Amino acid sequence: MVKESKTIWDRLEDIPREVLYGILIISFIMPMLFPIGFPVPISPEVQRWYNTIDNLPSGSVIMVDFGYSGGGEPELGPMAVAVYHHIFKKGGIKVVAMSTSNEGTLLFDKAIAEINPSQYGKQYGVDYIHIGYITGTESAMAAVGKSIRATTTTDYKGTPLDQYSIMNGVNEAKDFALLICYTTGGDQSEGWVRQWYTTYQTPYLCAVLAMMVPTMLPYQKAGQIVSLVSGAQAGQMELLVHVPARGIKSADVITITHLLCIALVVVGNIAYFGKKFSGGKQ
Amino acid sequence: MSIVFKRTLPIVIVFATALLFILEFFVTIPGIDFKSAATTVNNWGIILTAFTLAFGAVNLFIFQGRHILRRTKGQWPFSLWMLIVIVIFIVIGVSSGVSSGQYTWLYSASYFALSATVYSSLGFYMTSGIYRALRAKNIESGLLLIVGIIALARNAPAVAAGLPIIIPWEAWISAVPTTSAQRGIMIGAALGALALGIRTMIGRETGFLGKLTEAEKGG
Amino acid sequence: MFVTGRIFALGMLVVIWVFILGGMELAKRAMPTFRKLAGLDALPEMVGRAAETGKPVHFTTGLGELNTNMASQLVAGLSVLAYVSELCARDGVRIVYSVYQSQVMPLATELMKAAYTSAGKPEDFDAEDQVRYMSGEQFAYASAVQGFAERERPAANIMIGPFYAESMLFAETFYRIGSIQLAGTARGYQIPFFAVVCDYLLIAEEIYAAGAYLSKDPILAGSIRGQDVGKLLALVMMIVGIILTALGSSALINLLKM
Amino acid sequence: MADFATIIQIWLAALFTIWIYSIAFRDNVFFKFAEHTFVGAAAGHSLVMGVDNILRIGWGNFIGGNYIYIIVFVLGVLLFTRYHSNYYWVSRFPLAVLVGIGVGLMMRTTVTSEFIAQIQSTAGMKLLGVDTWTAFSNLVFIIITLSVVYYFIFTFPKVHGGKLGIISTIAKYGMMAAFGYSFANTVLSRFNMIFGRFDFIMNTWLPLPYAMIALPVALILLIYAMIPAERRPWPKTQK
């Protein structure tokens with residue numbers, strides 16, 4: 001076997017993955033150690049989401065699905081928190097939450113601890129509530145749409161729903177002015193279109209992982225979703241609501257690491273074409 | 001008789017249940033209360049699904065239990081640990097409840113951290129994938145690459161702020177080619193899902209029956 | 001009697017039902033002909049390359065179980081496995097199938113044995129070496145497959161079935177070791193990774209078509225025929241609707257809203 | 001200062017995070033430990049949430065006077081006959097109810113939300129009476145949607161023959177652009193998740209006492225665990 005001498009292009013193409021990972025880790029850590037404070041432009045979908053909530057008449061009731069799993073918390077958690085801030089700041093809106101993800105109730109507790117609703121004078125059971133994780137995903141959505149009390153008689157802590165004033169006169173999909181879903185699963189984001197929008201025409205705001213946005217776009221185009229945002233846009237929501245938190249903090253890191261990706265694509269292609277044109281074909 | 005009972009009856013149940021939900025949605029027949037029937041069955045389904053949530057743990061007990069009994073080299077201590085973790089979760093979760101402080105502690109210390117990390121670790125592979133594989137080999141991959149770079153640039157908040165020209169580009173890519181291609185795929189997939197539903201209802205898709213005996217396969 | 005706003009939908013459901021059942025009935029009499037699938041056409045070439053280099057072919061059907069809604073993707077993957085096994089048996093190439101679902105093992109062994117038999121080389125099939133149970137856990141499975149890839153450096157890698165987060169991992173690993181790759185999945189989130197990395201691609205519904213075509217199962221092929229008629233109907237409705245909209249009429253849209 | 005239980009929780013979460021990340025470099029025993037913990041925790045958590053639903057919803061309905069729920073409990077228990085080698089078929093009856101609900105709920109709405117609504121939205125796109133740019137965008141949109149639907153027609157080979165092949169080419173270009181967009185978005189998602197973990201390590205764990213010392217120790221141990229046993233400087237393994 002003849003040992004071929006490696007050209008510079010070969011070497012460039014064969015950078016060990018450990019080196020690539022090392023560079024990636026550094027580009028995550030550096031902006032965290034030395035924050036730059038890059039600007040963040042607001043995109044139209046986030047603005048539309050904000051306006052939808054802003055235009056809700058006082059006394060409206062919203063259904064919120066904590067449908068994300070712990071894996072997606074870094075992305076969707078900040079969005080959920082920012083939107084709660086907005087709703088509580090605006091006032092006069094009741095928020096009933098449920099979960100189609102089995103981690104939802106625990107993540108709800110995390111979000112509420114971050115929001116601290118008492119700073120807005122909001123109380124559990126009066127202004128907001130969580131009726132628990134309900135199994136079955138689409139079956140759960142359909143069941144709750146028909147009748148909450150026929151599905152579950154208690155909140156997530158096991159206290160009967162009728163002991164909470166927020167639940168007075170709230171029992172089915174028609175009682176809700178708006179549906180919000182935060183999710184890491186296509187079954188959830190699409191399920192709500194099928195089980196609530198298609199059945200009851202409830203206006204629907206949907207926040208998903210950025211990677212899920214493309215498959216959800218046709219629903220937005222067809223008017224089945226009022227606004228479709230990715231959790232990665234939480235920073236923009238925080239800016240609109242004036243409660244800067246985790247979302248905005250990631251802006252520097254995301255910028256630097258994305259620039260790294262673009263650089264990697266460019267270098268990778270230079271190596272590829274360099275090899276091709278220097279006659280290094282196999 | 002036996003095959004009818006074991007194989008045909010479940011399919012009849014599937015058909016009848018599915019039909020109930022379809023009828024409830026589309027028609028109203030005076031004198032027949034589809035809605036309350038469907039509501040009841042729907043709520044039954046939720047409880048039944050709750051029972052199925054135990055399958056994962058039972059499967060692991062059976063499968064990992066085998067490793068432990070056989071003392072599979074390099075594996076059985078891990079299998080044992082896995083079963084211990086399951087037991088810890090069950091004991092704390094059932095005895096003190098899922099909204100208790102103890103359970104929240106357990107969840108945050110293990111499952112939450114682990115699942116967040118496991119899924120994020122794919123970001124590393126993506127980086128080397130981007131470096132090695134995102135190549136303009138032909139028109140198709142070139143298109144993918146150009147769109148990918150524009151979207152990457154737009155997703156970096158500061159790049160979008162400093163180079164605002166890419167904001168409308170990305171918006172167009174998202175609203176026109178991406179949405180339209182996804183819509184085409186969606187229409188096809190909807191027909192596929194409906195066809196699957198129909199095959200299931202008429203007993204031509206029997207995966208849910210589990211293992212079939214030779215006689216049942218012939219049926 | 002009928003709920004307003006849902007009448008057209010009910011009608012459509014009935015029409016699709018008729019298409020699918022009709023397709024199945026017709027397929028029992030004569031199998032429909034399929035269009036060329038670029039991905040499938042590449043298979044003989046991929047196996048041929050493995051024969052030249054003397055390296056194995058690797059096959060995986062991803063995750064998912066036979067008793068869930070991922071079953072149809074898994075079944076499609078297994079149909080392709082049977083076909084590739086026959087190609088490999090004929091060219092004297094070793095094919096290794098990495099198994100995730102223990103319940104699939106006996107089924108896959110049967111399929112591959114039958115393929116080797118129909119190629120006239122039943123003695124070449126070594127079930128223990130060629131049908132390998134890697135693990136029933138996602139990342140353990142992924143790292144076992146990665147380990148296999150790095151040790152044996154297969155000339156070709158074929159991935160068809162329901163893939164999850166491990167898709168990128170597989171595609172990147174096999175790319176790095178220089179395997180020529182064919183990948184297909186109907187799980188929308190994973191298709192982009194395969195599109196980026198793999199040489200040949202079966203996009204979404206194409207894997208069902210590939211499975212039905214190769215298995216010659218009249219139920220599956222007929223079902224696809226029925227769906228195709230549904231797609232033609234969708235195309236006609238969209239084109240008519242666009243023309244009517246351009247002419248200022250919303251007749252079709254009103255009909256759809258019925 | 002956080003209480004002791006919280007400190008332990010943070011330490012555990014931090015170590016698990018580092019151990020899981022180590023797989024990106026090489027397989028090792030710490031990763032294996034963390035992974036098995038993950039799988040066990042997922043199964044345990046899922047079971048616990050199932051019990052929560054059975055008690056909170058099922059039992060709640062039962063003692064609320066809905067005695068018919070006793071049937072559901074029996075059916076639920078019957079689901080577990082799937083593990084019995086002779087009576088596995090009994091589990092098919094409750095499973096059939098579940099499958100029937102799923103299929104019914106899916107079919108009745110999919111036909112509207114993913115088929116008719118999409119056709120309707122495409123059919124309503126204007127090519128005339130709008131500005132040139134919108135008309136152009138709508139035209140591109142319509143062409144790609146139609147050609148992608150066309151691309152997935154399999155059993156009429158004639159529609160793809162000859163010059164008509166161009167339609168499939170357009171469809172492929174459209175889909176490739178869509179995949180490029182999805183790919184970039186996935187990068188964003190995954191990087192956001194990595195940021196979440198790094199943020200936790202750097203701003204929650206490292207400020208704790210001794211964490212700064214523990215981090216390098218943990219990393220050295222990890223690197224050691226990644227070296228194959230026979231090549232480790234210590235302990236020497238016999239060949």
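The centres of domain 1 and domain 2 of chain C, taken over C-alpha atoms, are 34 Å apart. Domain 1 of chain C covers 7–31 + 220–256, while domain 2 covers 38–215, the bounds coming from an automatic or database domain assignment. This is a predicted model, in which local features need pLDDT of at least 70 and side-chain atom pairs count only at pLDDT 80 or more, whereas totals for chains, interfaces and linings use all residues. Residues are numbered from 1 along each chain as its sequence is written, and chains are lettered from A and ligands numbered from 1 in the order in which they are written.

Chain C also holds an open sheet of six strands, paired in parallel in the order β3-β2-β1-β4-β5-β6; strands (E, at least two residues) are DSSP runs, numbered from the N terminus, as are helices (H or I, at least four), and two strands pair if DSSP finds at least two bridges between them. Because β3 (131–133) and β6 (200–203) of chain C stand at the edges with a single partner strand each, one side of each has no neighbour in the sheet. Strand β5 (residues 180–185) of chain C pairs with β6(C) in the parallel sense over four bridges, and A183(C) has L201(C) in β6(C) as its bridge partner.

Turning to the interface, 45 residues of chain B are in contact (C-beta atoms, placed from the backbone, within 7 Å) with 47 residues of chain A. Helix α5(B) gives the most to this side of chain B, with eight residues. The elements that give two or more residues include those tabulated here.

| Element of chain B | Residue range |
|---|---|
| α2 | residues 34–52 |
| α5 | residues 101–120 |
| α9 | residues 166–201 |

Notes:
Contact = placed C-beta atoms within 7 Å.
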